[in-house]
Amino acid sequence: MAVPAPGAGVLAQSAPASAQPQQLSGDVFIRNAIATAQALDAGGAGQVYDTGSAALKASTTRQQFTQAVASTNARTGGVVAREWSRVERVRVAAPAEGANAPAVPGGNYITVYLLARTASGTAHLEQVSFRLDEDNQWRLSGVTSLFPEQPQG
C-alpha cells in the first residue's frame, strides 16, 4: 500500500487478505510511530488525523486532536530525540450485543511506546497506537503523551 506522507498515520504494512497468520514487524510500527510523532511535531496534526483510523475519528474531532497536539507541543518545548521503549500487541474483544461499548472499539491494536527527550533535558513517554481497520490497513488510532508527576512543593 502507498503511504500518503511520512508519519501520516497509515502504515506501509497491511494485513493479508488470506486466512494465513501474518508475521508483523515491530520495526515497521516503530518507524511509523516515530514518523507520526515527528509529523505531529512539525505541525502535521490535521493530515495525521485525516488519515487516521475510524476509531480515532470516533473518539475525537479533528479540531480537538489538533488542539491537543498543539498543547502538548507547547508543553514540551520541542522534542529533540526519540527512542522506542516497547511495542505491545493486543486484541480488544467486541462488546456483547446490548452491552456498554468499551472505551475503544474491538479489534487488533499495536502500541509503540517512545521515550521522548526535549531540549531542556526533560523526558516523557509517548504512546502511539495503531488499529487494524476493517479494510485490513493499519492506521493511527491514538497518540498520548505521559508526563512524570511533578513533586508538590
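β4 and strand β5 (residues 137-146) pair in the antiparallel sense over eight bridges; pairing takes at least two DSSP bridges between two strands, and strands (E, at least two residues) and helices (H or I, at least four) are DSSP runs numbered from the N terminus. This is a predicted model, where local features need pLDDT of at least 70, side-chain atom pairs count only at pLDDT 80 or more, and totals for chains, interfaces and linings use all residues. Residues are numbered from 1 along each chain as its sequence is written, and side-chain values use heavy atoms, with hydrogens and water left out.

**Around β4**
- Strand β4 (residues 123-132) is mostly covered, with eight of its 10 residues buried (under 20% relative accessible area; exposed is over 50%, partly exposed in between; 1.4 Å probe, protein chains only).
- On the β5 side, F130 sits opposite L140, and N136 in the four-residue hairpin link has a positive phi near 65°.
- Strand β3 (residues 107-118) also runs antiparallel to β4, over nine bridges, with R117 opposite A123.
- G121, in the turn of the β3-β4 hairpin, has a positive phi of about 95°.

**Salt bridges**
- The whole structure has nine salt bridges (a Lys or Arg side-chain nitrogen within 4 Å of an Asp or Glu carboxyl oxygen).
- R117 pairs with E83, closest N and O atoms 4.0 Å apart; R117 is in β3 and E83 in strand β2 (residues 79-92), so the pair ties together parts 34 residues apart in sequence.
- E134 bridges to R131 at 3.2 Å between the closest N and O atoms; shared partners join R131, D133, E134, D135 and R139 into one network.
- R131 is buried at 5% relative accessible area, while E134 is exposed at 65%.
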